[in-house]
Every structure is written in C-alpha cells, then in structure tokens.
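Hello,

Here is the structure I promised to pass on to you. Please have a look at it first, and then read my notes.

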Amino acid sequence: MTPAAPSFAFLPGAAGSPVILHVPHSAREIPAEVRAGIVLDDMALERELDHITDSHTARIAQEAARTAPLTPWRFVNRLSRLVVDPERFPDEREEMRAVGMGAVYTRTTHREPLRPDDTDPEPLVARYFRPYARAMTDAVAERLAAVGRAVVIDVHSYPAEPLPYELHGEGPRPPVCLGTDAFHTPPELLAAARGAFAELGETGLDSPFAGAYVPLEYYGKDPRVSALMVEIRRDTYMTEPGGPAGPGLSRLASALAALVTAATA
C-alpha cells in the first residue's frame, strides 16, 4: 500500500438502510514507514498479527451485506490495528493504555515491546487515526441525514483462550459476546442480536470485551445513534491463530445478516 492509498473504505449500502457494519481490526497491512518504527523482526511480527488481527471479519461482514434484504453500509479498516487502533480513545480515557495498547500500541498481545516506550504517538494519530475518525463521523452523519438514525454494528473476533494483554480475560468466553453501551445500545437492538445469534450457541454480554463504538462527536449525546459490538470467538469459524476460515463463517454471516435485517426494521 502506498502512503497515498486510503487507509479505510466506506462501502455503500441501500439508501434506506441505517446500518453501518464497522470492521476495524480485520486487516494485516502495515505501510513501510510504519513498519520501520516496530521493533519486532519479520517472523515475530507475523506471529503478532496472527494474534491481534480479527481475521476474516471483513469477509463475514461482506457476506452478511450481500445476503441481507436491505444492504447495509460497511466501513472497513484497510490497515492493521498495529498502525493505529481506531476504536481506542486517543487520550487518558483509554484503559488499555495501562498495557501499552492505547491508540498507538507500544506493547504486543504478550506484553512484549512493539515500539520503544518513548514513541511519540502524534504522527500516527494525525496521519491515520484522525482521518479515520472524521470519515466514520461523516458516515454516521450521512445516515442520520438520510434516514434519521444510524445503527453501528462492530464486527470483531477474539481468541478462545485469553491473551496476556486482556484486562478482563478471566470472565466467560461465549461463542458470541455482545458489547453494549448504556446510552447507545437500546434493549430492542440487544434482543435482536441475541435472537439472531441464538442458533450458534451461548450469547454472552460484555465479557470478555465490553462497550460499543460510537464516533466521539455523538458519543453519549445523540440517542439517534445506536451501537452494538459483536465479538465472535475465533474457534467457531477459523483455525487459531491466524489460520484459514472454516464452515462456521457462513453460519455467522447468516446470523449477522439476520441482525442487520432486524436493526433495519
């Protein structure tokens, strides 16, 4: 990827759909100038990407969008979260800074050095984080203007066994974890998700990961913006870590399409 290439894609859906499928962590791409600031050798970096990447989640979202009766919009990060993590708070509100994984990571999933501790995050935040945040804000604003509401559904995955970086890894690890926000996740959206994923096994709530992504301009302020995080345990659809997808992917895509349909109604 050249420095001028877009680091994200906003893929159009149906004009009347309020749903944005947000896929922030599915890519492995790291621009050369960013790679230069990472201290891992190539083999160790590939191992880290296996652990940290939500592999195949872009494909799950793509298949769900293709089969949903009313096509949702999709906002897909084209770069690895090791460049910047667009879902972190860019300031002291971010609890993952405690393990070196704020907006710009300095530690790996195993709490080993990824970048020097004195790395200045601002160049990466300016180059990648803020444009991404602006574009996601614009995407939500566009849905609000078009249909009067926006539903952001985050599509993530997580490992079957906890990794050392996890702050809350001691809790349940169900096949599907639904991350919620007290302000932005209405009961009907949560109920729709539980119904959509029921056939896949237990659906947990906010464990091992909690919360849902909303652009900061709307966060805690605009109830027209709904949000839900869908965290899929990786052993339900792929070989861990970082391996190929299996038949579970199609079942998950169908369930996600059912959630999109319910959220669109």
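This is a predicted model: local features need pLDDT of at least 70, side-chain atom pairs count only at pLDDT 80 or more; totals for chains, interfaces and linings use all residues.

Residues are numbered from 1 along each chain as its sequence is written, and side-chain values use heavy atoms, with hydrogens and water left out.

The chain has six helices and seven strands (DSSP runs, H or I of at least four residues for helices and E of at least two for strands, numbered from the N terminus). From the N terminus on, their order is β-β-α-α-α-β-α-β-β-α-β-β-α. Of the 265 residues, 54% are buried (under 20% relative accessible area with a 1.4 Å probe, protein chains only; exposed is over 50%, and partly exposed lies in between).

Helix 6 covers residues 248-264. Among its buried residues are Leu 249, Leu 252, Ala 255, Leu 256 and Val 260. The buried residues of this helix pack against strand 2, helix 3, strand 4, strand 5, helix 5 and strand 7.

Leu 200 sits in the loop between helix 5 and strand 6, and is partly exposed at a relative accessible area of 26%. Beyond its neighbours within four places in sequence, Leu 200 is in contact (heavy atoms within 4.5 Å) with Pro 175, Arg 251, Leu 252 and Ala 255. Thr 236 is 36 residues from Leu 200 in sequence, and their C-alpha atoms are 8.7 Å apart.

Best wishes

Notes. The expected span of a helix is 1.5 Å times one less than its number of residues.
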